[in-house]
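Let's take a quick tour of a protein and the places where other molecules might be found. Have the 3D view open while you read.

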Amino acid sequence: MLRLLIILTIASFAVAASTERSIEKRSSKYEFVNEAVTWVDAKAACEAKNKKLAEIRSQADEDEAVAAVGGGGAAFWIGLVDLDGDLIFEYATGGSLTFTSWNTAPFQGGGQCVVDFSGLWRNSLCNDTRMMMPFICEPDPQVTGDPHLTTFDGRPFSFQGICWHTLFKDCSTNPAFEVTAEFEPREDSTLEHVRTRTVSVNVTVGDDFAIINGLDVVTGTTDGHVTAARPIHVQEDDKTVTLTFISKDTTFTLSWTLKKHSLRVSTSGSDYRGHLCGLLGNDDGDTLNDFTKPDGAVVHDAAEFGESWRVEWKKCD
Ligand SMILES: *[C@@H]1O[C@H](CO)[C@@H](O)[C@H](O)[C@H]1NC(C)=O
Ligand SMILES: *[C@@H]1O[C@H](CO)[C@@H](O)[C@H](O)[C@H]1NC(C)=O
């Protein structure tokens, strides 16, 4: 009996210790997975964690990635790919590269994926068992489907709210920016099962806004004046709209795909880690506090959390 009690005590102690470990703050947005696989398998492994293969968007990202794998000497897969073999590499989730760090310029036959050798890149074969490498994953915050959301810290949930909600904003008392999205019921919605989708996104930075509605983008100032220097950069092609803005050391990139009614967010920079709020959470590395309401209360229920971020003053059709 005593022996059983001791075993039980040790077991519950072990459970407590592991819970504590899981709520430790990460020091980096990158998760190093020290397991040698092909690029194709590395990408799938990150996706299975609701993450993406790391997309290096700046020198600061690069330094953080190298630090995440434990410093110099390591080689690891990153999320860049040359889809059609023309040696023009893109982020694996879409979009042109904003930063490059090639060691040797990509060459024909070298391969359509990218391996990072301690900060310097080379193209390599994507699905060849002679090229097996560890890899790093990063969160893939997004709103897609009806809406399934993934927070900055990587917590997935679904929320069928209607009308405008705050996706994320600078959570200081004088927010420098705010991103809101409008959800409306899909055609296949029933009264019992409301399924919604994202139809518009409003990005406001200071006094400027850009609103994506379908594939149209309207920009302007909240006070109606026209200013020359636009803080929100808009890039459009036939399938996607990309909005980019910078606040403090952080570049936010929002990529909207109308066909999927999906919005992906990428960040590069650290000043806002832990200082964001909204449906996409606070970006502090801890998924357990992602459901924080505007009043600071942490809740468990996705619907209660989601409704708390409804933009009260905005009317919907
Ligand atoms: C990768 O290679 C394996 C084995 O040859 C093959 O079964 C798989 O379909 C390939 N995957 C891709 C995405 O090419
Ligand atoms: C976009 O959002 C900002 C900030 O919430 C708001 O002031 C502005 O009125 C919105 N624009 C439109 C056209 O709804």
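Before we start, a quick word on labels: helices (H or I, at least four residues) and strands (E, at least two) are DSSP runs, numbered from the N terminus. Also keep in mind that this is a predicted model.

**The largest pocket**
- This pocket has a volume of about 930 Å³.
- Its lining is made of 36 residues, and Glu90, Gly94, Gly95, Ser96 and Thr240 are the ones nearest its centre.
- Several elements each give at least two residues to that lining, among them helix H2 (39-48), strand S4 (90-91) and strand S17 (240-247).
- Strand S19 (262-268) is on that list too, and S19 supplies the largest share, four residues.
- Sorted by class, the lining has 17 polar, twelve charged and seven nonpolar residues.

**Ligand 2 and its neighbours**
- Look around ligand 2 and you'll find Glu178, Asn202, Thr204, Ile211, Thr222, Trp313 and Lys314.
- That shell splits into three polar, two charged and two nonpolar residues.

**Polar contacts of ligand 2**
- Glu178 has a polar side-chain atom 3.3 Å from an oxygen atom of ligand 2.
- For Thr204, a side-chain N or O atom is 3.1 Å from an oxygen atom of the ligand.
- For Lys314, the distance from a side-chain N or O atom to an oxygen atom of ligand 2 is 2.4 Å.
- On its own, ligand 2 has 360 Å² of accessible area, and the protein covers 66% of that.

Definitions and conventions
Residues are numbered from 1 along each chain as its sequence is written. Chains are lettered from A and ligands numbered from 1 in the order in which they are written. This is a predicted model: local features need pLDDT of at least 70, side-chain atom pairs count only at pLDDT 80 or more; totals for chains, interfaces and linings use all residues. Side-chain values use heavy atoms; hydrogens and water are left out. A residue is near a molecule or strand if one of its heavy atoms lies within 4 Å of it. A polar contact is a pair of N or O atoms within 3.5 Å; within protein, one must be able to donate a hydrogen and the other to accept it, and residues adjacent in sequence count only if both atoms are side-chain atoms. Accessible areas come from the Shrake-Rupley method with a 1.4 Å probe; for residues, only the protein chains shown count as cover. Ala, Val, Leu, Ile, Met, Phe, Trp, Tyr, Cys and Pro count as nonpolar, Asp, Glu, Lys and Arg as charged, and the others, Gly among them, as polar. On a 1 Å grid over the protein atoms alone, a cavity is a set of points where a 1.4 Å probe fits but cannot get out, and a pocket is an open set with protein on both sides within 12 Å along at least five of seven lines; lining residues have an atom within 4 Å of a point. Grid points are joined across faces, edges and corners, and a volume is the space filled by probe spheres set on the points.
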